[in-house]
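Thanks for coming, everyone. Please have a look at the structure on the screen, and I'll walk you through it.

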Amino acid sequence: MHDAIKKMEEKDNIKARLVNLRQFQILDTEPEDEFDDITYMASQICNTPISLISLLDEDRQWFKSKVGLDICQTPIADSLCNHAVYDKNGFMIIPNANEDVRFAENPLVTGDPNIHFYAGFPIRTKNGIPLGTLCVIDNKPNQLNEFQISSLKSLSKIAMSLIESRKLNNDIDKANLELEIRNTELERFAHIAAHDIKSPLNNIIGLSNLFTQLYSSKLDEQGSTIIEAISSCTEKLKSLVDGLLKYSTGDLVVKTDKSYVEIDPLFDVYKSIFSSDKEIVNFTIKSSSKSIHANEVIFDQIMINLISNSIKYNSSYTTNIIFECTEDDEMYYFSYCDNGPGIEPQYHEKVFKIFEKVTERDKYGERGNGIGLATVKKIIKKLGGDIHIDPDYEKGTRFNFTLQK
């Protein structure tokens, strides 16, 4: 009865081992330095010519790492490691296999590699499932001292940790790849959908304007109000679609070429774009460099979004902006400050999330779409930089952001 129970337990262990080995996806993989370091250390510590990380498959033992052996696997029926994983002591040491009735006729003992001494230490999962062993082998009788035994126990645990870390890294890589594919598909869908929506919106706007020109004299006050509402809603929807297009094409834009962009002339252009009879925009430039090496289209998209927000959410019609730029060998560091009402600390992260809005309407009574700053952050992240709001700035809002050179 005892033998029958033992065989059932071993069968269950074999099944669990095979399931775990498949999950770890390590069988038949290429050699890796981290595992080779373990077998090298084991061989040196024990002064043995052979050291192996042996994983037990269904009908073979396969060597993830090996020192002093040319073959990469042997039949599991001949495996000493298959006995070591079930040894009641938790590990198995055979001083002289020629004198051990279990292994004296084993082809790995009577033939190549002529195993005389063997010591195998199970490589176990957190649930105690043995996947194989870290073993050392000699072609003459041998023995291990306490230090060597303790060292091999530790190295077998490190081997298991490496197997787990390897799976975790593979899972992360796979998840990142799937996420990248999904993001690409989502962005492609947003781009196509926005494009398909934009065309009929332009038609609606054009037809509304034409209708107003041709029939305004024939419309009563209610009819004019309805046409104005149609035009206003369509313009807002078009603005939302334009924002989605910019957001969905962010990854494409960052791949375009860089050039040396002169800072002062660029801000002169911004001043001419944003200043008018009703708006005054003042720029103060503090830069240690006259130019930056960047993609001008990308930099324009970042700055125009920031400047537009500063104007729209400033209670004054005079918007003062301070722009600072410093650099080192790898990065540009930018500071952008305005004289607006500022953003409460609890909203500093929220403003960079797409479709999230802190204020329902700007000073003109228009509703924002929550895309501008999300687009800015997405582009900056893709360029290896970051952006955040300075929590210690009290005179308005300060955005600190970086761009990789």
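Let's start with Phe 299. Is Phe 299 buried or exposed? In this predicted model, its relative accessibility is 2%. Buried means under 20%, so Phe 299 counts as buried.

Now look at Phe 323. Phe 323 has a relative accessible area of 1%, so this residue is buried too.

Next, the rings. A search of the whole structure turns up eleven aromatic pairs. How do we describe such a pair? We use the distance of the centres and the angle of the planes. Take Phe 299 and Phe 323. Their ring centres are 6.2 Å apart, and their planes stand at 80°. Over 60 degrees counts as edge-to-face, so that is what we call this pair.

Tyr 336 belongs to strand β11, residues 331-338, and Phe 399 to strand β13, residues 397-404. This pair therefore links parts that are 63 residues apart in sequence. Both Tyr 336 and Phe 399 are buried.

Ring pairs also build a cluster. Its members are Phe 267, Tyr 270, Phe 283, Phe 299, Phe 323, Tyr 332, Phe 334 and Phe 401.

Two lysines lie over ring faces. Lys 363 is over the face of Tyr 317, 4.5 Å from the ring centre. Lys 405 is over the face of Tyr 332, at 5.0 Å from the ring centre.

On to the cores. In soluble globular proteins, nonpolar side chains tend to be buried together. The largest nonpolar core here has 35 residues. Which of them touch the most other members? They are Tyr 270, Ile 292, Phe 299, Ile 302, Met 303, Ile 307 and Phe 334.

Pick out Phe 334. Leaving aside residues up to four places away in sequence, Phe 334 touches Ile 292, Phe 299, Phe 323, Glu 324, Cys 325, Phe 399, Asn 400, Phe 401 and Leu 403.

There is a second, separate core of 26 residues. Among them are Phe 91, Ile 123, Leu 134 and Met 160.

Now strand β5, residues 117-124. Seven of its eight residues are buried, so β5 is largely enclosed by the rest of the structure. Which strands pair with β5? One is β4, residues 92-94, which is antiparallel to β5 over three bridges. There, Ile 93 stands opposite Ala 119. Another is β6, residues 130-138, also antiparallel, joined to β5 by eight bridges. Arg 124 has Pro 130 in β6 as its bridge partner. The hairpin of β5 and β6 has five residues between the strands, and Gly 128 takes a positive phi there, near 85°.

Last stop: helix α10, residues 372-382. Eight of its eleven residues are buried, so α10 is largely enclosed by the rest of the structure. Which ones are buried? Leu 373, Ala 374, Thr 375, Val 376, Lys 377, Lys 378, Ile 379 and Ile 380. Notice that Lys 377 and Lys 378 are on that list. After α10 comes Gly 384, with a positive phi near 80°.

Methods:
Residues numbered from 1 in each chain as written. Predicted model: local features only at pLDDT ≥ 70, side-chain atom pairs only at ≥ 80, totals over all residues. Heavy atoms only, no water. Buried < 20%, exposed > 50% of the residue type's maximum accessible area, 1.4 Å probe, protein only. Helix = DSSP H or I, 4+ residues; strand = E, 2+ residues; numbered from the N terminus. Pairing = 2+ DSSP bridges. Core = buried A, V, L, I, M, F, W, Y, C linked by side-chain atoms within 4.5 Å. Contact = heavy atoms within 4.5 Å. Phe/Tyr/Trp six-rings, centres within 6.5 Å; stacked < 30°, edge-to-face > 60°. Lys NZ or Arg CZ within 6 Å of the ring centre and 35° of its normal.
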